[in-house]
Amino acid sequence: MPESQNHPAQLTLPRTGIRSVPVHLVLAGISSVMIVLSFPPFGWWWMAYLALWPVGLLAARSASSKTLAWTTFLIFWMVWLYMIGWLVPVTRGGFIALAALMAAYWSLALVVAHVLHRRFRAAMVVLLPLAWVASEYVRGRFLAGGFGWFAFGHTQASYLPTQSAGRIIQVADLFGELGVSLIVVMASGLLVDLMTHPLFTPIGQSKHRLHRTIRGSLI
């Protein structure tokens, strides 16, 4: 029997995904703008719930983990150079190195989510927040005591006397700031699932039900 007949076509389909480097950079740039706007001095707390869907989409659909890693690292490095710019008068060399280290944590979180998604096909509403919050935990506790600034949970706290903290911040009483981060990032993960899966799947003639991944994301 010819070798081609031993391998059904559905098992030999070419790998598909986002391959374009400019698309990677643009999506990472969109996320970066929303991340910056989520924190002071802008303080658009609601933006944090949407900030990671572009890079979450990359984590779910990038065709190359290497491209995902270096493109997001490059963009995130620029973001961190902006966000910790107050360190320049203290140490210019340390400022650049710290920004690179912080960007590496964020990029690593996306690569981990990407690899796990390809391996297990799990919902991004689970993978994205778990990977991102794990990176927040590690960077906030290790290497010279860690650097816990700009965790996503911080976006939900008030920073001006006229502001009141969002209701979601009350989760910190039980689960700490990482619990708040988890909930915030889950919103972006859910949006990625909604964008990358059909909403309904057929179960018979003229009958449909929610796609299983979407059902799992909404539960």
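## Handedness of a helix crossing

A crossing of two helices is called right-handed if the near helix is turned clockwise from the far one by less than a right angle, and left-handed if the near helix is turned anticlockwise. In this predicted model, the crossing of helices α2 and α6 is right-handed, and so described as well is the crossing of α2 and α4.

## Helix α2 against helix α6

Helix α2 spans residues 53–61 and helix α6 spans residues 172–196, and their axes come within 9 Å while crossing at roughly 55 degrees. The two helices are therefore oblique to each other, since an angle counts as roughly parallel under 35 degrees and as roughly perpendicular from 65 to 115 degrees.

On the α2 side, the residues that take part in the contact are Trp-53, Gly-56, Leu-57, Ala-60 and Arg-61, and they meet Ser-188, Leu-191, Val-192, Met-195 and Thr-196 of α6. Sorted by class, the residues of this contact comprise six nonpolar, three polar and one charged.

## Helix α2 against helix α4

Helix α2 also packs with helix α4, which covers residues 92–120, at an angle of about 40 degrees and with the two axes 7 Å apart. This pair is therefore oblique as well.

Here the α2 residues Val-55, Leu-58, Ala-59, Ala-60 and Arg-61 meet Leu-110, Ala-113, His-114 and His-117 in α4. The residues of this second contact divide into six nonpolar, two polar and one charged. Ala-60 and Arg-61 are listed in the contact with α6 and are listed again in the contact with α4.

## Thr-71 in helix α3

Thr-71 lies in helix α3, which is made up of residues 65–83. Because its relative accessible area is 0%, Thr-71 is classed as buried, the cut-off for that class being under 20%.

The side chain of Thr-71 reaches the backbone oxygen of Thr-67 at 2.5 Å, and it also reaches the backbone oxygen of Leu-68, in this case at 3.4 Å. When residues up to four places away in sequence are not counted, Thr-71 touches Val-21, His-24 and Leu-25. A further relation across the sequence is that of Thr-71 with Val-26, which is 45 residues apart from Thr-71 in sequence, while the C-alpha atoms of the two residues are 9.5 Å apart in space.

Notes. Residues numbered from 1 in each chain as written. Predicted model: local features only at pLDDT ≥ 70, side-chain atom pairs only at ≥ 80, totals over all residues. Heavy atoms only, no water. Axes fitted to C-alpha atoms, helices over the stretch in contact; angles between N-to-C directions. Helix = DSSP H or I, 4+ residues; strand = E, 2+ residues; numbered from the N terminus. Parallel < 35°, antiparallel > 145°, perpendicular 65-115°, else oblique. Contact = heavy atoms within 4.5 Å. Nonpolar A, V, L, I, M, F, W, Y, C, P; charged D, E, K, R; others polar. Buried < 20%, exposed > 50% of the residue type's maximum accessible area, 1.4 Å probe, protein only. Polar contact = N/O pair within 3.5 Å; in protein donor to acceptor, adjacent residues only side chain to side chain.
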